[in-house]
Each structure stands twice: as structure tokens, then as C-alpha cells.
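Please look over the structure shown here before reading the briefing that follows.

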Amino acid sequence: MYKTCIEVDSLSLHRPNLKKLCISLTSQSDHPLLVLRGTKNKITNSEHWIPKLYFRIASCLLSCCDLKCRVFKNKLIFTKLSSCFCGIIPPVAQQLHRENIQRIVREALSLSKVSPSELSAIATTIKPGLALSLGVGLSFSLRMVNQFKKPFIPIHHMEAHALTIRLTNKVEFPFLVLLISGGHCLLALVRGVSDFLLLGKSLDIAPGDMLDKVARRLSLIKHPECSTMSGGKAIEHLAKQGNKLYFDFKPPMQRAKNCDFSFSGLQHVIDKTIMQKEIEEGIEKGQILSSAADIAAAVQHTIACHIAKRTHRAILFCKQRNLLSQSNAVLVVSGGVASNLYIRKALEIITDATQCTLLCPPPRLCTDNGIMVAWNGVERLHAGLGILYDTEGIRYEPKCPLGVDISKEVGEAAIRVPRLKMKI
């Protein structure tokens with residue numbers, strides 16, 4: 001089914017075992033850079049070449065605007081625009097998207113050797129996300145829909161994350177999914193392609209956002225071993241050198257018997273601790289603390305324990321209500337934070353104790369990517385769900401919940417979670 005794979009990427013230029021063809025449009029860091037690259041991917045124990053085209057405009061080292069387009073050889077195309085804007089100005093991002101999307105889609109079709117008339121459908125992320133970026137992607141897609149008379153498949157960003165595992169592994173419904181990233185944190189039961197029960201979510205910030213903020217507060221960009229890493233990766237790397245028990249940070253919401261998460265209170269405690277240590281060591285804000293590794297280790301351990309306990313309760317709730325199999329249930333973990341191996345090990349302790357199987361997509365499919373939106377479109381196309389032949393009235397939704405929220409019911413169940421030794 002899948003014949004070729006093309007990637008256009010401006011930031012991640014060095015990966016092992018990849019055939020590369022680099023075409024530089026400009027060498028300046030604040031302008032687009034085009035890279036064409038082939039890459040292999042395993043799908044249910046067999047190797048195929050998955051076609052994809054990816055374009056990224058880099059703004060600065062800590063922020064970027066993403067314009068993604070993928071063409072699958074089963075004749076499904078989608079466009080996705082997403083932004084993480086630490087320093088990005090949304091109107092500027094919107095303009096950059098407008099200037100590049102037509103050329104990128106044309107390039108994707110050309111490289112995949114698929115003409116617009118051969119397409120079976122057009123799938124586009126319309127919720128949730130940055131409004132200005134979603135608007136550009138939606139308006140362009142609808143013009144294609146009208147021009148080429150193709151059905152339109154609107155995609156929920158979090159649904160796409162949740163279903164990615166079915167591209168790489170043979171996973172049947174239902175399964176439990178934990179989505180943890182810089183912008184999201186939620187637990188949901190996936191009963192079908194578009195059938196989700198939301199068990200719990202973050203009441204404030206996401207874990208990836210907190211890790212990034214702690215890394216910035218510790219000024220890890222100035223640390224010689226962490227200067228080129230993202231905040232979350234810097235915390236994970238430095239934590240290996242620290243003592244996780246040196247600081248006694250308490251996991252949030254210990255008395256709340258639900259599956260919701262919270263990270264802002266913990267971040268406030270950590271900020272106060274860092275400030276106190278700066279005073280003790282006689283250094284100014286922005287300098288590296290001698291205890292930075294210990295703080296990183298304690299922060300990572302506390303977050304891992306918090307996420308693990310809420311996930312443990314979700315598994316017990318689903319099994320108690322016969323929503324999951326008692327013996328061979330599956331927990332899927334995705335999102336950027338899912339690539340943190342320490343947090344994965346904490347979750348492995350939970351799945352081992354509850355007779356579940358832990359599955360994670362490959363790291364490159366855990367973070368925001370175009371393939372997941374294409375695959376979500378394939379799933380919906382095959383299931384005949386959400387395929388629109390009349391797009392009048394379709395709108396993007398910057399904020400949109402996932403599925404049916406039963407988190408109140410989870411809280412009312414007040415399930416006690418047995419204490420497990422988190423030997424990681």
C-alpha cells in the first residue's frame with residue numbers, strides 16, 4: 001500500500017540510518033529550510049515506506065511554527081498547521097502559513113506522484129489548537145475540497161494522537177490512552193475510532209509545560225550538557241545525575257480520588273525551592289545551582305508518581321466497570337512527554353501490577369506530527385465516520401473536549417489505589 005516516504009524538515013537534520021537529500025532554500029535561521037528525506041517505519045511487524053511531507057519554519061531555538069502536510073499512497077491527503085509559540089507572534093505565524101501552504105501541498109502531491117483528482121478524501125485538523133493557524137489550514141483545505149469535489153474529514157488533534165498506536169501495533173478497541181505533552185494531559189477510554197470516554201484531565205497546565213518552565217527557571221540552557229536540549233529532555237538528562245530523594249516534593253492531589261491532574265501548584269513549590277537555594281548558595285537568578293541535578297531528579301520523580309497514580313486509578317475504574325478486559329487490557333501512552341523513559345518506567349510498574357500491556361508509539365510519532373492526522377483520516381475513511389460531502393458551516397474550534405466527559409463519575413467512585421513501591 002505504501003511506496004515512498006518524503007520528509008521536509010528544518011530542525012531535525014541528523015538521525016541515524018536515514019537517506020538524506022538536503023535542499024537549502026536559505027541558510028538564515030529565521031527563514032525556511034527545506035530537507036527531503038526518506039525514512040522507514042514498521043507497521044504491524046512488516047516494513048513499508050510511508051509517504052510524508054513535512055515543512056517547518058524555525059523562528060528561534062525555543063519556538064517554532066509548524067506547517068505539516070502528508071500524502072498517503074492510499075490516496076488520502078491532509079494538511080495540518082500547529083504552533084508552539086514561546087516567543088512566536090500568532091499573526092506572524094498565520095502569515096507564514098498562508099505564504100507557504102500552497103507550495104508545500106503542491107510539492108507533497110508531486111513527490112508522492114498523486115494528482116488531486118486521484119485523492120479519495122482531504123482530512124484536516126480543525127480542533128483544538130491555535131485559532132489563526134487552524135483557520136489557514138481549514139480555509140485552504142476547503143478550497144481544495146470545492147475545487148476537486150472531494151469529501152472532507154475534520155480531525156480532532158487529540159483523537160489523532162490516541163489512534164496513532166493502531167498504525168504501528170495491532171491494537172483492538174477498547175483500550176485506555178494517556179496523552180501527556182506540553183499542551184495536554186488526559187486519560188480516556190477509546191471504544192472506537194470516534195468513541196471516547198474522558199476519565200480525567202489536567203485542571204491547569206500540562207506536564208511538558210511544567211518541565212519546560214522548571215528547566216528555564218534552572219537556566220539549563222546555560223548548562224554545558226543541556227544547552228541544545230529542550231526543557232523536558234534537559235530535565236530527564238540531568239536527573240540521571242541527581243538524587244531524587246534530596247528534595248521532598250509531594251505529588252499533587254493526593255486526597256482527590258479521581259483521575260484529574262494538576263501541575264501548577266507543584267511548579268510554584270519548586271520555584272520557591274529554587275529561589276531559596278539561590279539565596280543559600282549566594283548566586284543570582286540565571287546562574288546554575290549546584291543542586292540543579294537533584295532538583296531535576298526530584299521534579300521528574302514527583303511528576304512520574306503523580307501521573308502513575310492517576311493512571312492506576314483509571315485502570316482500576318475501567319476494570320471495575322467492565323470497560324476494559326480483566327486480563328489483557330492495553331494502556332497506550334502518547335504525546336511528547338511519553339518519550340521520557342523515567343515516566344515510562346513508572347507506568348510499567350502500574351501496568352505490571354494491573355496485568356495490562358503498555359504500548360507507546362515510536363518517539364517521532366509521539367510528538368505532534370502529520371502522520372497521525374493522516375492515519376486518523378484513514379481510520380475514519382475506512383469506518384465511514386465523519387466524512388463530509390457538504391462543508392457549509394464547518395468551523396475550526398480552538399478549544400474542544402475529547403469525547404464524553406465521565407470524570408465526575410470517576411470521582412464519585414472514589415477508588416482507592418493500593419500503594420506501590422516506585423523503584424525506578
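By class, how many nonpolar, polar and charged residues does the lining of the second largest pocket have? In this predicted model, local features need pLDDT of at least 70 and side-chain atom pairs count only at pLDDT 80 or more, while totals for chains, interfaces and linings use all residues. Residues are numbered from 1 along each chain as its sequence is written, and side-chain values use heavy atoms, with hydrogens and water left out.

**Second largest pocket**
- The lining has 13 nonpolar, five polar and nine charged residues (Ala, Val, Leu, Ile, Met, Phe, Trp, Tyr, Cys and Pro count as nonpolar, Asp, Glu, Lys and Arg as charged, and the others, Gly among them, as polar).
- Of the 27 residues that line this pocket, Pro251, Gln254, Cys305, Lys309 and Arg419 lie nearest its centre.
- Helix α8, residues 292-320, gives the most to this lining, with 10 residues.

**Helices α6 and α8**
- The axes of α6 (residues 231-239) and α8 come within 8 Å and cross at roughly 110°, and the two helices are therefore roughly perpendicular to each other (angles of 65 to 115 degrees).
- The residues of this contact (heavy atoms within 4.5 Å) divide into seven nonpolar, one polar and one charged.
- On the α6 side they are Ile235, Glu236, Leu238 and Ala239, which meet Ala292, Ala293, Ala296, Ala297 and Gln300 in α8.

**Confidence**
- The protein chain has a mean pLDDT of 81 (the predictor's confidence in each residue, from 0 to 100), and 79% of its residues reach 70 or more.
- Over residues 1-65 pLDDT stays under 50, and the model has 179 contacts beyond four places in sequence for them.
- Where pLDDT is low, the predicted coordinates should not be read in detail.

Note on methods. On a 1 Å grid over the protein atoms alone, a cavity is a set of points where a 1.4 Å probe fits but cannot get out, and a pocket is an open set with protein on both sides within 12 Å along at least five of seven lines; lining residues have an atom within 4 Å of a point. Helices (H or I, at least four residues) and strands (E, at least two) are DSSP runs, numbered from the N terminus. Axes are lines fitted to C-alpha atoms, for helices over the stretch in contact, and angles run from 0 to 180 degrees between N-to-C directions. Angles under 35 degrees count as roughly parallel, over 145 as roughly antiparallel, 65 to 115 as roughly perpendicular and the rest as oblique.
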